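Good morning, colleagues. Please take a moment with the sequence and the model before I turn to the side-chain contacts.

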Amino acid sequence: MAVSRRSFLKGVGLGGMAVRIGLPPLAAMFNSSGTAYAAKTGTAPIESRFVLWFNGNGIVENYWVPRELGTDYNITPCLKPLEPFKKDIHILTGLDNPNGKGHHGAMSSLMSGQAFTGRGAGGPSIDQVIAQKIGNESRFRSLQIGACQESFGESIQRNMSWAERDRPLPPEMIPHRLFDRLFGGKDLGWIDRKKSVLDRVREDASSFSTRLGQEDKTRLDEYLTSVRSVERTIASLPPEYAKELERPEESGDMRDWPRISKLQSDLLVHALASRQTRVASYMLTKCQSLTRFPWLGHTNQHHAYTHQGAATPEGQRIMRDINRWHAEEFAYLLAKLKSIPEGEGNLLDHTLLVYVHEHAEANSHKTSGMSAILAGHAGNLKTGMHSSLTGTVGDLYLTLADEVMGAQAGKFPSASNKLSDLV
């Protein structure tokens, strides 16, 4: 049978509150070739998704930036986790981030293209510019997600998404809360994780499954199993992980951030796959991040490492390890997206991810010659190469918004030219 791409499983929680679980891409949602959604009046294009990904404190260029240009480049030590996705990514270097000075100014300019106001970003961030154009038909116009909470405490450092000048959209950093937001109204049974949200939609899921072909039955079962797996993982977290930190102690919070970041990535993929949103931002670590890395054997603050002994061989190796962990988490998200079949391809084929930092070389607070990574195959994006470009971060964003996402933003602060080499 044909299935609407807007279908969902429904049930009723305690107190009569509606529970809805969006469905993954099913074969029955697409035309016979899998190139578009099947619709009553013909076909509809498979929509593209946009994810803006960020980690703080910049990079160590010596171990991060490839020395070769074009398609025949070598993956660097920091980017080694991305080697399986070499054909899915486009590494960019040479971009400038104007209006950026220090962490505050660089972050405002990176996200909004405008100078720091003294309180926050000078205007809407690029994810919100795109969300205003393409996000209005989704359940969530956009989602803001975070992982590591350790940071200095000002608004410009804690937030990467901005609705307007000085209007932050804080990232949800608690997996428990993000899960409850995505999978229905709050119900005491699954808030304390003693029951599953799937219990409320089990009857509808069973009835729906009987009308599906075998391939779609398998996809639905795998999807619901993955939802339950996330539930169980959240239930296994220590109780203090359900609480947000006002300000981490100087000694550090020392939570298992890799575990949290993967959970948040899992939930983001669920949101994108079930079409609850087309736009998201993901703040792995904060601007001017104080995150510590005991799982890497480095327990000092990241920001301290970028300035204390940063030019020494040991300091370079420590920052190499940290930047490689950032790339590992990005690679995890790419793998998850690539594992979700959609139409004739997969979810990564219909997603654009933009991976940025507030600085180029972290030690010097450099904002010229910035690096970024594009991933996915939305639009006509070129991948499988390293390019050195002349232009600004704003030029990059405007090109991606208009030429890849079809958002037709038309303009963006600090943008004067589109980068034709990207499409």
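Which side chains meet in a salt bridge at 3.1 Å, N to O? They are those of D402 and K418. The term salt bridge here denotes a side-chain nitrogen of Lys or Arg within 4 Å of a carboxyl oxygen of Asp or Glu. The pair links distant parts of the chain, with D402 in helix 12 (residues 393–404) and K418 in the segment after helix 12, 16 residues apart. Helices (H or I, at least four residues) and strands (E, at least two) are DSSP runs, numbered from the N terminus. D402 counts as buried because its relative accessibility is 6%, whereas K418, at 40%, counts as partly exposed. Buried means under 20% relative accessible area, exposed over 50%, and partly exposed in between, with a 1.4 Å probe and protein chains only.

A word on the basis of these values. This is a predicted model, in which local features need pLDDT of at least 70 and side-chain atom pairs count only at pLDDT 80 or more, while totals for chains, interfaces and linings use all residues. Residues are numbered from 1 along each chain as its sequence is written, and side-chain values use heavy atoms, with hydrogens and water left out.

In total, the structure holds 19 salt bridges. One of them joins E342 and R49, whose closest N and O atoms are 2.8 Å apart. E342 lies in strand 11 (residues 341–342) and R49 in strand 5 (residues 49–54), so this pair ties together parts that are 293 residues apart in sequence. Both E342 and R49 are buried. These two residues also belong to a network of salt bridges that links R5, E47, R49, R275 and E342.

Another salt bridge is formed by K336 and D266, with the closest N and O atoms 3.7 Å apart. Here K336 belongs to helix 11 (residues 313–338) and D266 to helix 9 (residues 257–273), 70 residues apart. K336 counts as partly exposed because its relative accessibility is 31%; D266, at 14%, counts as buried.

I turn now to the rings. The structure holds 10 aromatic pairs, where rings of Phe, Tyr and Trp (its six-membered ring) pair if their centres lie within 6.5 Å, and planes under 30 degrees apart count as stacked, over 60 as edge-to-face and the rest as tilted. The rings of W53 and Y355 have centres 6.1 Å apart and planes at 75°, so this pair is edge-to-face. W53 and Y355 are both buried, and together with Y282 and F330 they form one aromatic cluster.
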